[in-house]
Every structure is written in structure tokens, then in C-alpha cells.
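Here are a few exercises to work through with the viewer open. Try each task before you read its solution.

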Amino acid sequence: MSSPSPALLLALLACTGTTAPAGDDTGAAATADSGDPGPRYTVDDPGLQLQWTAEERSDRIADALTAGLPDPFRVMNELSGLYGAGDEFCPGAENAMGEGAILGCTASTGTFYLGIGTIQFHEGDSPDGFEISLYMMGDMEIVTAEGERAAVGGHWTTFKHDRMDGAAIFEMLFEGSWSWEGSTTPWYRDGMSGWLDIIGERETRESTPDLWVDGVVGVGDQYIAFYGLQWNETCPDLPTGGVGVRDPSGHWYRVDLPEDCSSPCGPLMVGDELIEDEICLPMDVVHDLASYITGWREER
Amino acid sequence: MSATLLLWLAACTVDPVDPGDGAVTDSGADGGQTPVWTEPLDGPRLARRLSLDLRGVLPTADELARVEADAAEIDSLRDEYLQDPRLERQLVSFLAERFLTRLDEYQVDHYDYHLPDELECHYERSIGEEPLRLMARVVVEDRPWTDIVTQGHTVANQTLADVWPLELQADPDDGLDGWVDAVWTDGRPDAGVLASNGLWWRYVTSKANGNRSRAAAIANLMLCDDVLARPVSFADTPALTDEAATQEALRTNDYCLGCHAHIDPLASAMFGFYPSIDYNPDELGIYHPERESLGPVVLDVQPAWFGTPIEGMVDLGYAVATDPRFVRCGTETMAALLWRRPVDVDDFTTVESLRQQFLAGDLQGRVLLAAITDTDTYRAGAVVDGAPEDVAERENTRRMLTPDQLTTAVEDLTGFRWVQDGCDQLANDDLGFRTLAGGVDGDMVVTPQQDPGLTWALTVKRLAQAAALHVVEHDLQSDDGAPFLLDGVTLSDRPGDAAFGAQLEGMVWRMHATHPDADRLAGLEALWQAVYEADGSDDTAAAAAWVAVVSALLRDPDFLTA
């Protein structure tokens, strides 16, 4: 059989029936014989509709960054008090909620416990110094007789090792949702949620500690992301890395700080869009908060 | 022009096909000239199918008479059904078969929210229906279908408002079944069902999974792209227990990339729903805006919608809505649900025609529903003699009522609703018989039963008996309001009485949309008489006889199918 002629090929290509479903990007279909593109539909592009105005943006971002960081030892103290507000049957254990509370129980004190939770705290001498470890986890809820609610969904690990020669390491990994309506600490009372890693390391008692903060944290309705913030010997005062703060619209502002840690300022971006040429962040406050948690500062 | 070319061109024209053996051709609603191997239902039976599908109840006797007198009335009747408030409930029921969100158990139980046990089924049903009610309301409010993935609110009832961060926008007493518009107060972006708890409580994830299962669910439900159906070879992939190697393979192995190249960037956009632990109300019930930026960290890939970068959940809905596959998938989804069979490649032209009508109707769901109910496939009552075997196998011309249709139709007809401990017995499988009655449980059973089975027969038998007992007691043995069904007889009427015969005829007409012939009537009278005599021939026996007759009519295939 000989090859079909070009005319025949053209004719065959046209032979696709009366209606060709030739959809375009808008979902419309074309009718092959008439060239009519057919019905179309459009969806309004929401675009970038930020809620914070240019005037309030700087203050709001600063507010978010200074709202607080989750401090495990403060939470441990308050949670211990709540676990201790029951009786010998409910929740039935010291610094823990166990069998008695899995399906819910109300202690003779009027405090209600539901779920499981534990606090495991250890501090003491190690062969070369001093150690503190704290592990808290929970999938639980406590409601006091006064109706104030505490809840945990997650875990929190903290470890600190101070050596006699002055070297020290600290690591904290915070995950999940933690809240206590009766707390005297705003960030705990408003509820904290997140996924945050703080690591500190010091070679001698006199040396500048390295500090690394990475992850996300939400306090109340303020949401922050730390993109590998790092202070170290080279950058003792201002970090490298980046910071993100969420606009109420759902878009994220991001500021990447200079790689030479020369300034707490950088361009303010949302995605690929430049919002402001430069915005300066209160990185000293963030440093103080993180340092406080690591215990490099002695105020605790 | 050569003779060969002329022959080819002649073959190109789509002349009406003469398939022979009784098939006719069609160039109407199904689009194109295709052989039609089915014949439509008659007017009353079609009215019955439409009423059950769009309202969940049987047509009234007057409605049946309307279409019997004038077959052209069927379209106006259908249009009236499309405006019926009960349409919303029916859409919820149908969409549940596709979205599979109505589970019997979720990771967070009712007691986690301090709800009493008697509310367990209501709580579970409410969770599963949240995304379904959202979509149904978009349809009944004549808003474009794209709103299901872009709107900034959901719908909720009081129970959901009590346990989730929601603010109801109206008094629940003013909403159908207590459901009204509600806004989330936890900062989640506007993304319709994509931002609904109900959807993601069904499609859960884990730390290792990293929302990938949810991304696959979006591709399946919104684009009809089921990545789990793709052929995959695991020959060159590491053991799944080697997590690090598995994660590496997802980025480098060709077979893995076939899906993960677009699933992982989509999953990366969904980390506001990423829990630290499962089974926890605060972790699962509340959206976590701060975690949105974790996606690229955990999955090592920036958020994107099939190659187009997106910022995250904040613009995911827009990306879905503007994908041309979205409308096609919505069309296919609704067609399959109303045709009561899967859509396949042979339906391409019909679905394309439906899609065009959907688009021309500004993506209003009612326009699509009207178009689907116009198709030969929807209206098919039988396969014609001589139809190819695959056609006979494929076309679902006699459709079993869904458990939800049985529930609402029987309640409307008899006043009976099968409830135990606060649970609709045909709507759950913990205490009830949903899957036994042919339904889906959203988890282990994900396709509705299309043919009768033994457990189905046992279930409908019990339903029929209980409903018959209830309606006879109500209609003939009490003064508790107007009768539901037995409105033309008393316990004193006997076979041969005019009222007795009229009652039987009326019931068959209402329940089956057919006129009983003399043999049928004689059979029903004989059944009545046998039970009456066996039970002692008094009023109690007469009631038992009516229970037997009503039960038999409820178990009749003409009642149990549409």
C-alpha cells in the first residue's frame, strides 16, 4: 500500500467528529468546525491582598517577634501544679496522667482529667558536670473546678549539660499545641502551637555562645517562622538566617538577613514579590528570648 | 481528488448509525450521533427516579398522574424537584459516596469534646457532612462550582460550632437540618472544602506521609486523577522501612517521581493541617497557620500546583479552580453519581457535552444536574434486545435505592425512621446496617452495592416489617394525625370492598409508580386474606394483614429500585 497523500492526511486529521473537546486553560472547549471557543469561565484572582497596611506592618511584625517563645521550665512548673490538683485516684500519679484518666475522671478536688500526659524531669551531677533533662508529652486535657482549661497535644524535650570546664550544650525541641487558660504567662495563656528547635553551645564560660533557632511558633493569633537564625562567634550580636511573619490574609512576609550579619534589616518579601526594600527587625529581643530559654541568662 | 480520498472523507461524516437489533440513534442531550442501546423509563417511573434522586422521597400521586397524562410534563416536574429544599440533602448523600467522609469513627471521639454518648452518631455524621454540606449549598445557592474550593466560609451545625473554632453566621434553627454558614476563627485561608476539617479528618496523614495522602486525595477528588491507580514498579525502590532511602527515592527514582513530582509540592502547601500527634482535639480540630511554612522544610520542595508555584494554602483554592480538569472532574463526578455507574471512555462525548452545558450555565450545579437528568443514560429503563454484552453489563438501568433514599422515602411514606440510641440505622455500621443495605462506610466499603445480596435482603426485610407495622398502627389503630399511607380504608374493610381495592391500587401506584393488573391485585388480596384468617379474623388480624401487605410492597423490587 502506498503512503497516503498530504491531502488525505489533512482530511484524516480533520476527521475527529462533530465536536472536538479542545479545552484551553480556562476550561473552555472549542467546536472544531465553527472555531467557536465555546463557553468559558473565570475565577477572580485573589492576588496579593495583604491586610496589614504599610504603616502598621513594621509594628505588627515586631509585635509578633517579641510575643514570646515557649519556655519549657515555666510550663513544667504550671503543669506540675495542675497534675497535683487531683487526688490519689484521679489522675492517680504524680506529674502524670495515666490509667485513671484515659477515659476521663473527675478528682475529689473537682478537677477533670482526660487523656495521658507526663513530666519527666531530672537534674543532677554528671561525671563531668551538671545535667538537666526535661521531657513532657501529652494528649490530654485538664479542666479545673473553676472551669479553666489546660491542654497538651505534643511533646517537648529539653536537655542541658554544663561541664565543669565551662563548656555547655542546650537543646530544646518543642512540638504541638500547649495551652493553659489560668497561666500568668501571656504566651501560655493565649496558647502556643508550633515546631521549634533551639540549640545552644558554649565552649568556655567566657566564650560567646552559639545559638540556633529554627522552626515555627504560633502564639495566639501571631505566627512566626525562624529560618535557621544563627548567632555565633563571628556573629555574636546579629544573626544570619531569616524570619517570617504571617499576615492575617494568610500570606507570609519573609525577611532574609544579610549573610555577613551586619544588620538586622533586609528586604521584605511575600513570595517572590518585594514589599519593602528594607525592614529592620528587633533581633536583639529574639536573641534575649532564646538566650533566656537556654539558660545562658540567669534570670530564671 | 482521488477515489481513496473521497472514500475516507465519506467515512468521516457521522451519519446516523444503524446499529440494528432495535437500537436507535441519538443526537440530543448526549451529544453526537451515537447508537442508543437503552430505552427510557416510562413517565411515572422516570418521575419516581427523579424524585428519589433529587428529593429523596417518592413522587406524589398527583405528580405521577401529571406525567402519565402528559409525558412532556416530566421536564417541568424535574425542574420543580431541582428547586426543592430537599435537593441539598440529596446532594450530601450522593457526594458522600464520592468523598467518603462519613465515617463511623474519627481520630477524635465525641468524648474528647465532652459530648454525651447519645450524641455520638450525630457528632460523627456532622463531621463527615461538613464538606459535603458546603458543596451542596454552593449548588442550591446557584453559585459557581469553583466556590467549593475558594469560598471563605463553611457550613456547620451547633455541634460543630461547639467543638471546632467556628462562628455560626445565623441561627441554626433557620438552616436546613440545622446547618448554616459559619466562619473559621483559627486563621485558615479561604479554600472551601480544601480548608475543611471534615475532609482532612477523613484523609489523615502521618509524620512520614507529610500530607502526601491528602495531596493525592485532592488530585483524585478535584481532578479525577487517581495517582493510586497508576502502575508503579517497586523493583528498584528501597524498602519502605528505610525512611531516609525512601525519601531520597521520592526525589530521584523515575517510578516514584511519576507521582511524587506533583504530589509532594502539593503536599508542601498543606502543612497548616500537619499534626504533631494524632488523636488530639487541639492538634486536629484547629488549623495551625504557623506550620504552613514547614512544608518546604519537611518535604524539601516548595509548594506548587502541578508545576505552577503557589505560596501555599492561601492560593491553593484558586489554583484548583482554574485548572481546566477541575470542571471536567466535577462534571464526571456528578454524572457518575446520578447514573449510578462509573464514567468510562465511552462516555467521553456525553461528558464533554455536559461539561459544555455546565460552563454555559456559569457552573451552576442545578444546570449540570438538569443536563445529566436529560441524558439517555440517566433515563434508561432497560437495555434493548441485541445490545452488545459490554453495554448490557455497563448500563445500570435498574438502580437500587441507596440507604439514604430508603431512609427518607420510607419515612416520608410511612412516618417510620429506623433509629436506635440516636443513630440512624441505615447511616452507620457501628450499631446499624449501612453497608449491609448497600451503602459505603467511607473506609472499608467505598463503592455502593449495585446488585441485591443476602444481607441487603435481610436488612430491607427488617426495615419493611418495622415500617409497615408503624404505618398500620399509625394510620389504622390510632388517631395520631392524618394517615401517611392507608388513607382509604378502615380495619373493617375487606377484600372485594370498593375501598379495599382502591386502597391497594393507590398504594401500588404511589409506591411503585405502576398500575397493578388484576393478577397483582388478586395476589395482594390473597396475601391479606391468608394473614387475616391465620391471625384470628378480628381487627387485630386485619391490622396484621395490612402489615403483611405493606411490608410486601416495601420489599418489592419495584419499590427498592428506581
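**Exercise 1: a helix and its neighbours**

The buried residues of α4(B) pack against α2 (43-54), α3 (61-69), α5 (86-99), α18 (365-374) and α19 (376-379) of chain B; contact here means heavy atoms within 4.5 Å. Before going on, note that this is a predicted model, where local features need pLDDT of at least 70, side-chain atom pairs count only at pLDDT 80 or more, and totals for chains, interfaces and linings use all residues. Residues are numbered from 1 along each chain as its sequence is written, chains are lettered from A and ligands numbered from 1 in the order in which they are written, and side-chain values use heavy atoms, with hydrogens and water left out.

Task: find which residues of helix α4 of chain B are buried, and work out why they line one face.

Solution.
- Step 1: take the helix, residues 73-82, and pick out B:Ile74, B:Leu77, B:Arg78, B:Tyr81 and B:Leu82 as buried (under 20% relative accessible area, with exposed over 50% and partly exposed in between; 1.4 Å probe, protein chains only).
- Step 2: look down the axis of α4(B); the buried residues fall within an arc of 145° (taken from the directions from the helix axis to the C-beta atoms), so they line one face of the helix.
- Step 3: recall the geometry: an α-helix has 3.6 residues a turn, so residues three or four places apart point the same way.

**Exercise 2: where the chains meet**

Task: describe the interface of chain A and chain B; how many residues of each are in contact?

Solution.
- Step 1: count residues: 55 from chain A touch 47 from chain B.
- Step 2: get the area: about 3800 Å² is buried between the two chains, 62% of it on carbon and sulfur atoms (accessible area, 1.4 Å probe, lost on putting the two parts together, summed over both).
- Step 3: on the chain A side, A:Tyr41, A:Val43 and A:Trp195 lose the most area to chain B, together 17% of what that side buries.
- Step 4: tally 3 salt bridges between the chains (side-chain nitrogen of Lys or Arg within 4 Å of a carboxyl oxygen of Asp or Glu). One of them pairs A:Arg246 with B:Glu292, the closest N and O atoms being 2.8 Å apart.

**Exercise 3: a loop residue**

Task: is B:Ser492 buried or exposed?

Solution.
- Step 1: locate B:Ser492 in the loop between α22 (454-476) and α23 (498-512) of chain B.
- Step 2: read its relative accessibility, 55%, so B:Ser492 counts as exposed.

Terms used. Helices (H or I, at least four residues) and strands (E, at least two) are DSSP runs, numbered from the N terminus.
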